[in-house]
Amino acid sequence: MNSMATINIRTDSATKKEAERLFADFGLSMTSAINVFLRQVIREKRIPFEIGYENPNELTAKVLKETEEGKNLSPAFDSIDELMDSLHA
């Protein structure tokens, strides 16, 4: 039998209460739900859902806008020699 380990996490009380209520609806305890998550991460070798952003911070928004406008981008090179020449310029 595997030995058990303890994980301590911190979250705000509203998040904890809402998660506990939902997990109870699924017939799971908080511990069981977290273990399901951890096993899925191990099985898939990735976070098992998409992590994205809705509102990027000011710097990220600026860089995204400039990229879309084609500003401040590195030039494309046809060869390593062109790249090296550019680096040594």
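Predicted model: local features only at pLDDT ≥ 70, side-chain atom pairs only at ≥ 80, totals over all residues.
In which helix is serine 86 found? Serine 86 sits in helix H4, which covers residues 80–88, where helices are DSSP runs of H or I with at least four residues, numbered from the N terminus. Residues are numbered from 1 along each chain as its sequence is written, and side-chain values use heavy atoms, with hydrogens and water left out.

Staying with serine 86, its relative accessible area is 36%, so it counts as partly exposed, a class that lies between buried, under 20%, and exposed, over 50%, with a 1.4 Å probe and protein chains only. Its C-alpha atom is separated by 9.4 Å from that of proline 75, which is 11 residues away along the chain.

H2 has 15 residues and reaches 21 Å from its first C-alpha to its last, close to the 21 Å expected, the expected span being 1.5 Å times one less than the number of residues. After H2 comes lysine 45, whose phi is positive, near 55 degrees, and this residue, in the loop between H2 and H3, counts as exposed because its relative accessibility is 72%.

A search of the whole structure finds 1 aromatic pair, and that pair is formed by phenylalanine 37 and phenylalanine 49, with 6.1 Å centre to centre and 35 degrees between the planes. The pair is called tilted, since rings of Phe, Tyr and Trp (its six-membered ring) pair if their centres lie within 6.5 Å, and planes under 30 degrees apart count as stacked, over 60 as edge-to-face and the rest as tilted. Phenylalanine 37 belongs to helix H2, whereas phenylalanine 49 lies in the loop between H2 and helix H3.

Finally, the largest pocket has a volume of about 670 Å³, a volume being the space filled by probe spheres set on grid points joined across faces, edges and corners. On a 1 Å grid over the protein atoms alone, a pocket is an open set of points where a 1.4 Å probe fits, with protein on both sides within 12 Å along at least five of seven lines, and lining residues have an atom within 4 Å of a point. The lining has 21 residues, and its largest share, 8 residues, comes from H2.

Definitions and conventions. Helix = DSSP H or I, 4+ residues; strand = E, 2+ residues; numbered from the N terminus.
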